[in-house]
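Below is a short briefing on one protein chain, arranged by topic.

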Amino acid sequence: MFSAADHEFMARALRLAELGLFSTTPNPRVGCVIVQSGTVTGEGWHRRAGEAHAETHALLAAGSKARGATAYITLEPCSHHGRTPPCAEALLAAGVTRVVAAMQDPNPQVAGQGMALLASAGVEAECGLLEAEARELNIGFAARMSRGRPWLRMKMAASLDGKTALENGVSQWITGAAARHDGHRWRARACAILSGIGTVRDDDPQLNVRAVATSRQPLKVVVDSALELPLESRVLNDGGVLVATASEECEKSAALRACGAEVVRFPGAIGKVDLPALLDELGRRGINELHVEGGFRLNGALLAAGLVDELLIYLAPCLIGNAALGMFDLPALATLEDRHRLAIRDLRLVGPDVRILARFAANERPA
């Protein structure tokens, strides 16, 4: 049974972990608080991959006061040698006598071994305090570790009648400035931003993070089956672009590479990009959260393939009309029993617009 103080210190560790929201990829976001006799003696958080883990920062801050202390960590301490030494061993060496972890590490290289190592050395090792909150913070990392592909969040801006663009493709701007700023925060936490050739051609987006401060730009991914991406597109301006295509090697692919893009073939049916294969590759590249800003055709294809985990929808207080484009290009349903069921996870006003975060029932919690 966890005490009220345990909850307080783990909540503090979670707030620390959130400081790495934009920077830790492909690693998880982790915070650690060292407590001696009810007093915090050290705390830290993981800043970016390749640098010290949260436990290391907290132990350095605590110094000798870590001996006999309790460590509150938002993720099970690692037990294997990666780019940094095992944190479980560092906790043992510092003399920590109790470790409380919010959740077990879904990484198969750890997966309970860190807590088992601590327990075998006589440390009181407990797991599961504020687990749901910790899992939400690292939902992409948990998804990639358990199934090999990223957590896919699809962002859309629409009118109250569900329209995302005029019949001619014009979509800027349906929602207001506050919603666009909020959308950049979601971009910043993602490891990659994906869009389709139709959106890139019609809107010429930059697909980067501009409205919030970040030390890292997500990978930009363009689904372009026939290599129609104009070489003057703004998405190519500052590198970090992967063009996913179904086309054979040609002059256009060479020209895109000369512009700094990486061109990779994912041949699928009827000349289209194999979207599951693309997501599998992004998983292999360490992409935890994939943020999609596409048009209704790409949105529909991803949904039909069962690749969408949650929807981030901004609804503007306006109506556009039946002739405009909707959110998804999907076949007609024969019965309402075939409808896609969602659970609303969050609902709030962002400026004059309504923001809805909805999750598909089958993807409520990655294993």
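How many salt bridges does the rule count? The count comes to 27 salt bridges, a salt bridge being a side-chain nitrogen of Lys or Arg within 4 Å of a carboxyl oxygen of Asp or Glu. This is a predicted model, in which local features need pLDDT of at least 70 and side-chain atom pairs count only at pLDDT 80 or more, while totals for chains, interfaces and linings use all residues. Residues are numbered from 1 along each chain as its sequence is written, and side-chain values use heavy atoms, with hydrogens and water left out.

**Domains and their interface**

- The domain assignment divides the chain into domain 1 (4-141) and domain 2 (148-360); such bounds come from an automatic or database domain assignment.
- The centres of domain 1 and domain 2, taken over C-alpha atoms, are 34 Å apart.
- Domain 1 puts 13 residues into the contact and domain 2 puts in 16 residues, where contact means heavy atoms within 4.5 Å.
- About 1200 Å² is buried between domain 1 and domain 2, and carbon and sulfur atoms give 49% of that area. Buried area is the accessible area (1.4 Å probe) that two parts lose on being put together, summed over both.
- Of the area that domain 1 buries against domain 2, 50% is supplied by F22, T25 and I139, more than by any other three residues.
- Between domain 1 and domain 2 there are 3 salt bridges.
- The interface of domain 1 and domain 2 also has 6 residue pairs in polar contact, both residues at pLDDT 80 or more. A polar contact is a pair of N or O atoms within 3.5 Å; within protein, one must be able to donate a hydrogen and the other to accept it, and residues adjacent in sequence count only if both atoms are side-chain atoms.
- On the side of domain 1 that touches domain 2, helix 5 (131-137) and helix 6 (139-147) are the elements that give two or more residues. Helix 6 gives the most, with 3 residues.
- Helices (H or I, at least four residues) and strands (E, at least two) are DSSP runs, numbered from the N terminus.

**Individual salt bridges**

- R187 pairs with E293 in a salt bridge, with the closest N and O atoms 2.9 Å apart. R187 lies in helix 7 and E293 in the loop between strand 11 (289-292) and helix 11 (296-304), so the pair ties together parts that are 106 residues apart in sequence.
- R187 is buried at 8% relative accessibility, and E293 is buried at 13%. Buried means under 20% relative accessible area, exposed over 50%, and partly exposed in between (1.4 Å probe, protein chains only).
- E249 and R257 meet in a salt bridge at 2.6 Å, N to O. E249 is exposed at 54%, whereas R257 is partly exposed at 36%.
- R355 and D346 meet in a salt bridge at 3.0 Å, N to O, and R355 is buried at 7%.
- Salt bridges that share partners join R29, E136, R153, R189, E289, E310, R345 and R359 into one network.
- R345 forms a salt bridge with E136, the closest N and O atoms being 3.2 Å apart.

**Helix 7**

- The 13 residues of helix 7 (residues 177-189) should span 18 Å at 1.5 Å a residue, and the end C-alpha atoms are 19 Å apart, which agrees. The expected span is 1.5 Å times one less than the number of residues.
- Buried residues of helix 7 include A179, D182, W186 and R189.

**A61 in helix 2**

- A61 lies in helix 2 (residues 54-62) and is partly exposed, with a relative accessible area of 49%.
- Leaving aside neighbours within four places in sequence, A61 is in contact with T41, G42 and E43.
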